[in-house]
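Open the model in your viewer and get ready to click around. We'll go stop by stop, with something to select each time.

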Amino acid sequence: MKLFLSTVLLSVLLFSSLSFSQIGVNLNSLASNDAKEYVKPVSTWFGTFFNSGTYYDASVADFFGFKFNLIGMWTIIPENQKSFNPNPQLTGVGDVGPTATVFGNKASYYLGSKGFYTYPSGLSLNAVPSGIYQFAASTYNTELLLRFFPRTKFDETKVGIFGFGIKHEISSYIPMLPVDIAVQILYNNFNFEFNDGDPVNYTKLKSNNFAFNVHASKTFAGMFIVYSGLQYESSSMDFSYYFEDKNNYYPATGNKIQNLSVDGDNNFRFTLGGAVKLGLFVVNADLNLTTLTTFTTGLSLDF
């Protein structure tokens with residue numbers, strides 16, 4: 001529970017306009033074309049986060065099974081997710097040097113007709129810790145996974161999560177197969193809104209994440225599990241914020257709410273991990289090789 005709540009609080013920090021201004025990150029100053037690139041790594045991170053930690057065993061109960069999982073994650077932010085090449089789309093302004101994304105550090109600038117403009121810096125993150133909890137129930141070699149946090153208001157902030165997965169053990173149809181094999185489909189949705197009554201501070205985000213995987217596992221001595229999987233995944237994010245154009249560079253779009261649609265860089269991932277069963281408890285850890293390399297650990301009640 002604490003891991004999941006820390007993720008909610010991290011989201012509040014990342015997407016609240018007040019929090020941005022308090023730490024020196026002025027997202028409001030970005031025109032929509034540059035804002036899209038600035039927040040794109042966040043869409044990728046959401047896809048990585050929600051599509052992690054969904055299995056440690058391809059075997060699914062044929063009568064009845066239940067799991068409760070606490071999952072911790074450590075996602076590494078590579079250098080190519082920390083900067084982008086901005087394009088202010090202004091007459092008389094040529095190429096501008098690379099500038100920080102929300103995860104980056106150093107900001108760029110340009111000289112326009114009304115003076116210097118400095119891009120916002122980022123949060124200077126090399127990795128993002130996070131966590132989530134989930135429930136799963138199974139029967140007839142089919143498992144339903146559920147992630148849920150009701151849309152809840154924290155002062156001026158509303159946060160909610162809904163996600164589910166369906167998994168089926170296909171090795172149950174193949175007698176004497178030396179490994180267990182399963183297929184799984186996943187969908188996760190995250191909603192965030194910050195509204196303190198001042199349109200300048202308004203921020204709204206909706207993240208949709210989809211994945212399909214095939215994974216296999218082998219159990220040794222009834223307690224040691226080795227597992228691996230290949231997954232296709234995608235992520236998209238609808239993002240709304242107030243663009244405060246103080247220099248009036250963009251009279252047609254400035255000083256109003258901007259609505260963006262941002263696709264993440266999520267495509268494929270390879271997972272390799274291991275687990276140990278200790279009675280009703282399972283401890284697992286795995287490595288996920290994808291756009292944002294992620295390490296996960298889990299503690300599960302499994303019966």
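Leaving aside its neighbours within four places in sequence, which residues is T297 in contact with? Select T297 and look around: with those neighbours left out, it is in contact with L70, I71, G72, N284 and A285, where contact means heavy atoms within 4.5 Å.

Before moving on, a word on what you're looking at: this is a predicted model, where local features need pLDDT of at least 70 and side-chain atom pairs count only at pLDDT 80 or more, while totals for chains, interfaces and linings use all residues. Residues are numbered from 1 along each chain as its sequence is written, and side-chain values use heavy atoms, with hydrogens and water left out.

**The whole view**

Zoom out. The protein has three helices and 15 strands; helices (H or I, at least four residues) and strands (E, at least two) are DSSP runs, numbered from the N terminus. Its C-alpha trace spans about 75 × 40 × 25 Å along the principal axes. Of the 303 residues, 50% count as buried, a label for under 20% relative accessible area, with exposed meaning over 50% and partly exposed in between (1.4 Å probe, protein chains only).

**Strand β15**

Go back to T297, which sits in strand β15 (residues 294-302). Its relative accessible area is 46%, so T297 is partly exposed.

Show side chains, and you'll find S300 joined to N69 by a polar contact of 2.6 Å. (A polar contact is a pair of N or O atoms within 3.5 Å; within protein, one must be able to donate a hydrogen and the other to accept it, and residues adjacent in sequence count only if both atoms are side-chain atoms.) Beyond residues up to four places away in sequence, S300 touches Y56, F68, N69, L280, F281 and V282.

**Strand β9**

Next, select N189 in strand β9 (residues 180-194). With a relative accessible area of 9%, N189 is buried. Its side chain makes a polar contact of 2.5 Å with that of N191.

**A hairpin**

A hairpin takes you from β4 to β5 through two residues. The two strands run antiparallel, joined by four bridges; strands pair if DSSP finds at least two bridges between them. Click Y109 and its bridge partner in β5, T118.

**Two pockets**

Finish with S29, Y117, F243, E244 and D245, which lie nearest the centre of the largest pocket among its 17 lining residues. A pocket, on a 1 Å grid over the protein atoms alone, is an open set of points where a 1.4 Å probe fits, with protein on both sides within 12 Å along at least five of seven lines; lining residues have an atom within 4 Å of a point. The largest pocket holds about 220 Å³ of space.

For the second largest pocket, at about 180 Å³, select S59, V60, A61, K67 and D302, the residues nearest its centre. Strands β1 (65-76) and β6 (127-139) each supply at least two residues of its lining.

Definitions and conventions
Grid points are joined across faces, edges and corners, and a volume is the space filled by probe spheres set on the points.
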